[in-house]
Amino acid sequence: MGKLRTLISTVIVLAALAVPILQSGCRTSQLESGGSYAPTNSVGVVVADKPFMAIESAFALAYGTLDTAFSFERDNRAMLWGISHSIKHTMDKIRPQAVAARDAYFQARALYVGSRTPQSFELLKTQLSKIQKFSTEAQSALPQL
Amino acid sequence: MTPAAITLFLNGLMAALSAAPKVAELYVKAKDMVAALFAKDLISKEKQDAQWAYIDAIKAMVDAGIVPPHFQVEPDPE
């Protein structure tokens, strides 16, 4: 009887260990509920949006890089002008486009947050890709070591 | 089904039922252990909120129509 009880307990504990593992499957990082990208809605259900967070992470990186590149060029303009006039001129071509892309991203973001559809998500991705393109171009315009 | 099989089944069932409180306790501990393991894989609330706040700050600039100086085209140096 003791052995049977131990066997049953072991099987149940193994099943208990297996259930959460199987539920999580092969997914990578999940969002902790209650965060900005996994809020609880009015009926107490957690609405996690990991793809949106991924897009925003990519935007934060691209925009941060663009910001740093523009800032670096402005802060070291005299020195960079001496190296090549094309550095500033290239940056000046990117600047107004980057501002327009930034504004377009936030318009798309507002649309997506208001109505989370696949179409609005695709629009957000499109605007992100523009920021990423300008970020790469701005970095490339700076002297490479 | 033979009487012996029925007896064995009932014995097993009784064993399971009598072990239930202990098993329930073990189940909760096992679940907590696994949850703790997977918690390391969670993107914390703090990280989510920090990223949201950073993007919100940029949004505030956009909403205010602010273009930082380094994003503006300025005259070439002399």
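Mentor: Set aside neighbours within four places in sequence, and Leu142(A) is in contact with Ala69(A), Phe72(A), Glu73(A), Leu80(A), Ile87(A) and Met91(A). Contact means heavy atoms within 4.5 Å. The model is predicted: local features need pLDDT of at least 70, side-chain atom pairs 80 or more, while totals for chains, interfaces and linings use all residues. Residues are numbered from 1 along each chain as written, chains are lettered from A and ligands numbered from 1 in the order written, and side-chain values use heavy atoms, without hydrogens or water.

Trainee: Why does Leu142(A) count as buried?

Mentor: Its relative accessibility is 15%. Buried means under 20% relative accessible area, exposed over 50%, partly exposed in between (1.4 Å probe, protein chains only). So Leu142(A) is buried. It lies in the segment after helix 5 (118–141) of chain A.

Trainee: How do you know that Gln51(B) is buried?

Mentor: By the same cut-off: its relative accessible area is 13%, therefore it is buried. Gln51(B) sits in helix 2 (residues 45–63) of chain B. Helices are DSSP runs (H or I, at least four residues), numbered from the N terminus.

Trainee: What does the side chain of Gln51(B) reach?

Mentor: The backbone oxygen of Met53(A), at 3.3 Å. Beyond four places in sequence, Gln51(B) contacts Tyr37(A), Met53(A), Glu56(A) and Ser57(A).

Trainee: What makes helix 2 of chain A roughly antiparallel to helix 4 of chain A?

Mentor: Helix 2 (residues 50–75) and helix 4 of chain A pack at about 155 degrees, axes 11 Å apart. Axes are lines fitted to C-alpha atoms over the stretch in contact, and angles run from 0 to 180 degrees between N-to-C directions. Under 35 degrees is roughly parallel, over 145 roughly antiparallel, 65 to 115 roughly perpendicular, the rest oblique. So the pair is roughly antiparallel.

Key: Helices (H or I, at least four residues) and strands (E, at least two) are DSSP runs, numbered from the N terminus. A polar contact is a pair of N or O atoms within 3.5 Å; within protein, one must be able to donate a hydrogen and the other to accept it, and residues adjacent in sequence count only if both atoms are side-chain atoms.
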